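Trainee: Please pick one part of this model and take me through it closely. Then connect it to the rest of the chain.

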Amino acid sequence: MSEYTKSYEENKEKNKIIHVTCLKCKIPTRQKIVVSYDYSASAYDDRSEQSVDWSSSHQVIQCQGCMTISFRQVDWCSEDVCQIQEDEWEDGIVEKLFPERSNSKLSIKEFWEIPENLQRIYIETIDSFNNGSTILTAAGLRAIVEGLCASLGIINGPITKTNTDGTSQLIRNKKLEGKIAGLHEKGFLTEKSAEILHEHRYLGNDAVHELRQPSKEELRLAIEIIEHAFESIYQIPQKGDDLKVKRIKRTDRA
């Protein structure tokens, strides 16, 4: 005959400090267990006179540096405890972190001032990168540039067209190439920054039309450039406005 017991306990591990890789810091940091829900069970077999014990702890954890919240699951089973070497044992503990993290994965940065639809495309693009979907990531980067132009009201821009006789002329172009030029024309980006955004257009074209798979390093750099564009177009002007308001208030109080 077998006996089976189980129990549940709330916050058994609460306030305990652990060291795991932070989702945002990208390095092991001190993390505090904010909430835990713990389950443990045991099964005893009368015939073999042996028992099997196991447990699972589900935890909300918070980095004590950047204060980022994430999730941790710790499972243990007595059957997995074994001796590896003379003085070394396998403890039977399996730790899982959610979302998964590693130095090769990117974290989603917070850009409070960008439009919601642009934020959504950005998040989906980062998710595609972290899941190894390189073609979808490249397509997402191109979509971000398209969305950036749309959100700023850019519908065309000046490009130089080479004629069949070898002469050139400046024309208005409604395709993405022209819209990127329009970002510079309207003063949202420097000429150099606009030129760099064309790389996102090339990546997207290669991925969508030619099904050419870009490298992770190319995509990582492209994402960093997009984040820099978000910062310069949306975040910096807002910070400048906030600074001006604070300065005026300070001056009025003087």
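**A charged helix and the strands around the chain**

Mentor: Start with Lys249, which is found in helix H5 (residues 216-253). Helices (H or I, at least four residues) and strands (E, at least two) are DSSP runs, numbered from the N terminus. The model is predicted: local features need pLDDT of at least 70, side-chain atom pairs count only at pLDDT 80 or more, and totals for chains, interfaces and linings use all residues. Residues are numbered from 1 along each chain as its sequence is written, and side-chain values use heavy atoms, with hydrogens and water left out.

Lys249 has a relative accessible area of 49%, so it counts as partly exposed. Here buried means under 20%, exposed over 50%, and partly exposed in between (1.4 Å probe, protein chains only). The areas come from the Shrake-Rupley method with a 1.4 Å probe; for residues, only the protein chains shown count as cover.

Lys249 belongs to a positive surface patch, together with Lys244, Lys246, Arg247, Arg250 and Arg253. Patches take residues with over 30% relative accessible area and no salt bridge; like charges are joined within 9 Å, nonpolar side chains (Val, Leu, Ile, Met, Phe, Trp, Tyr) within 5 Å. A salt bridge is a side-chain nitrogen of Lys or Arg within 4 Å of a carboxyl oxygen of Asp or Glu. Lys and Arg count as positive, Asp and Glu as negative; His and the chain ends are not counted. Each charge is placed at NZ of Lys, CZ of Arg, CG of Asp or CD of Glu.

H5 also takes part in a negative patch. Its members are Glu199, Glu217, Glu218 and Glu224. H5 supplies the largest share, three residues. Glu217 sits in H5. At 47% relative accessible area, Glu217 is partly exposed.

Now the strands. S2 (residues 17-21) and S3 (residues 28-45) run antiparallel, joined by five bridges. Two strands pair if DSSP finds at least two bridges between them. Ile18 faces Gln31 of S3 across this pairing. The two strands make a hairpin with six residues between them, and Lys26 in the turn has a positive phi of about 70°.

Trp54 has Cys77 in S5 as its bridge partner. Five residues separate the strands of this hairpin, where Met67 takes a positive phi near 70°. Met67 lies in the loop between S4 (50-63) and S5 (69-77). Its relative accessible area is 42%, so Met67 is partly exposed.

S5 also pairs with S8, antiparallel over six bridges. Gln73 is bridged to Lys96 in S8.

Follow the chain past S8. Pro99 lies in the loop between S8 (93-98) and helix H1 (116-130). A cis peptide bond joins Phe98 and Pro99, with omega about -10°.

Two loops remain. Asn11 is in the loop between S1 (2-10) and S2. Asn11 is not a glycine, yet has a positive phi of about 60°. Its relative accessibility is 31%, so Asn11 is partly exposed. Asp165 occupies the loop between S9 (157-162) and S10 (168-173). Asp165 is exposed, at 57%. From Asp165 to Pro28 the C-alpha distance is 63 Å, across 137 residues in sequence.
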